[in-house]
Amino acid sequence: MATTNDDAKETDEFQKGVRHLLENGVGKLPSKYVLPLSDRPSVDKEQPTVAKSSLKLPIIDFAELQGPNRSQVLNSLSSACEEYGFFQVVNHGIPIEVIRSMIDVSARFFNLPYEERSKYMSSDMAAPVRYGTSLNQNKDAVFCWRDFLKLVCHPLESVATYAKETKYLFLRIMEAILESLGLWGATKDDRTPENDETLKQLDGGSQLMVVNCFPPCPEPDLTLGMPPHSDYGFLTLLLQDDVEGLQIQYKGEWITVEPMHNSFVVNIGDHLEIFSNGRYKSVLHRVFVNPAKLRLSVALLHSLPFDYMVRPSPKLIDDANPRRYKDTDFATFLHYISTCEPKKKNFLESRKFT
């Protein structure tokens with residue numbers, strides 16, 4: 001069927017993002033955003049802003065992790081990684097002013113006129129600064145109710161203080177995760193050159209910041225802010241405002257994560273699942289949207305440098321635990337998502353040995 005000028009014009013409007021639609025007075029959810037019935041969020045009809053059940057994630061006290069109770073905290077961390085793939089970090093030491101400033105600058109960007117925001121619009125997935133919409137606006141059959149700003153923070157020095165503070169936090173959490181896997185010791189005598197090298201690579205590795213904006217949605221029960229997906233990378237550190245929206249899949253159910261003031265939600269990425277040879281698994285999560293409130297979140301996805309191969313740690317492979325994943329790198333990931341519509345954990349599934 002031939003594409004009409006009206007169809008092309010409508011598609012062009014969707015490519016400009018959800019904020020743009022709202023600024024132009026959209027009052028009903030366009031069909032481009034309506035999910036098939038089976039993919040729609042299950043929300044409480046009495047209180048459409050609230051999903052049916054909520055979850056307090058395991059809490060890791062970063063200050064305790066650095067103190068005499070480290071071994072107990074490591075046990076909690078290991079359980080959180082194995083059971084949930086998610087945890088919250090409190091007492092992380094990042095000044096509240098740095099966090100507030102990051103949320104403030106994010107809000108200011110999305111409040112700019114469209115003409116200003118659109119200067120950063122690009123379909124190039126490797127662009128160091130990219131403003132866009134949906135999940136993959138070049139491929140998505142149904143769009144999700146989300147605009148984003150992506151920044152490559154390392155080595156690019158943008159939003160420098162926040163990026164630097166969270167990088168330090170990420171590295172200390174990764175040390176603890178390596179220790180919980182039996183790959184890193186509390187003293188120098190217990191450390192292997194291989195895992196010293198892993199931390200060194202992560203220190204100089206990729207740090208991708210994704211600032212997400214989920215504007216109020218006229219019909220939130222028909223769409224999602226982000227569909228079910230797992231994250232690329234080793235760990236994601238998520239800063240969120242006080243509006244609910246994040247859900248994780250836990251024991252086959254979608255559970256809402258309660259926002260906790262001045263904390264980070266941390267989740268296992270696909271690369272850590274590969275590196276741990278499947279012991280710690282990346283977990284499907286999604287975002288539901290709200291009819292009245294805008295929600296902002298800032299996700300930092302940390303991994304090895306873009307040109308490095310990720311592979312299972314040799315120390316986690318033996319006869320009882322054979323190697324489960326192929327080597328992978330960022331180029332493989334980019335090629336995959338540029339040729340396929342990203343769904344659930346499909347990319348990670350493609351890296352498994354059958």
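This short talk walks through one protein model, from its overall make-up to a few single residues.

Good morning. The structure is a predicted model, in which local features need a pLDDT of at least 70, side-chain atom pairs count only at pLDDT 80 or more, and totals for chains, interfaces and linings use all residues. Residues are numbered from 1 along each chain as its sequence is written, and side-chain values use heavy atoms, with hydrogens and water left out.

Let me begin with confidence. The term pLDDT is the predictor's confidence in each residue, on a scale from 0 to 100. The mean for the protein is 87, and 88% of its residues reach 70 or more. Confidence is lowest in helix H1 (residues 5-15), with a mean of 65, and highest in strand S11 (residues 264-268), at 97. Over residues 45-51 the pLDDT is below 50, and this stretch has 12 contacts in the model beyond near neighbours in sequence; a contact means heavy atoms within 4.5 Å. Where pLDDT is low, the predicted coordinates should not be read in detail.

I turn to the overall make-up. The protein has 11 helices and 13 strands. These are DSSP runs, numbered from the N terminus: helices are H or I with at least four residues, and strands are E with at least two. Of the 354 residues, 52% are buried. Buried means under 20% relative accessible area, exposed means over 50%, and partly exposed lies in between, using a 1.4 Å probe and protein chains only. The protein exposes about 16300 Å², and carbon and sulfur atoms supply 51% of that area. Such areas come from the Shrake-Rupley method with a 1.4 Å probe; for residues, only the protein chains shown count as cover. Among contacts between residues at least 6 apart in sequence, 79% join residues at least 24 apart.

What lies in the interior? In soluble globular proteins, nonpolar side chains tend to be buried together. A nonpolar core is a set of buried Ala, Val, Leu, Ile, Met, Phe, Trp, Tyr and Cys residues joined through side-chain atoms within 4.5 Å. The largest one here has 55 residues, and Met 174, Ile 177 and Leu 235 have the most contacts inside it. Helix H7 (residues 160-180) gives the most to this core, with 9 residues. Setting aside neighbours within four places in sequence, Ile 177 touches Leu 77, Cys 81, Leu 235, Leu 272 and Tyr 280. A second, separate core of 22 residues includes Val 210, Ile 248, Ile 255 and Phe 330.

A word on cysteines. Cys 144 counts as buried because its relative accessibility is 5%, and Cys 213 counts as buried at 0%. How many disulfides does a search of the whole structure find? The search finds 0, where a disulfide is a pair of cysteine sulfur atoms within 2.5 Å.

Next, the strands. Strands of a sheet pair through backbone hydrogen bonds, either parallel or antiparallel. Here, two strands pair if DSSP finds at least two bridges between them. An open sheet of 5 strands runs in the order S1-S10-S9-S12-S7, with mixed pairing. Strand S1 (54-55) and strand S7 (226-229) stand at its edges with a single partner strand each, so one side of each has no neighbour in the sheet. S1 and strand S10 (residues 253-257) run parallel, joined by 2 bridges, and Ser 54 has Thr 256 as its bridge partner in S10.

Strand S3 (residues 86-90) deserves a separate look. Strand S2 (residues 59-61) runs parallel to S3 over 3 bridges, with Val 89 as the partner of Ile 60. S3 pairs with S11 in the antiparallel sense over 4 bridges, and Asn 267 in S11 is the partner of Phe 86.

Finally, some loop residues. Lys 251, between strand S9 (246-250) and S10, has a positive phi of about 55° although it is not a glycine. Lys 251 is exposed because its relative accessible area is 69%. Asn 262, in the loop between S10 and S11, also has a positive phi, near 55°. Asn 262 is partly exposed, at 31%.

Thank you for your attention.
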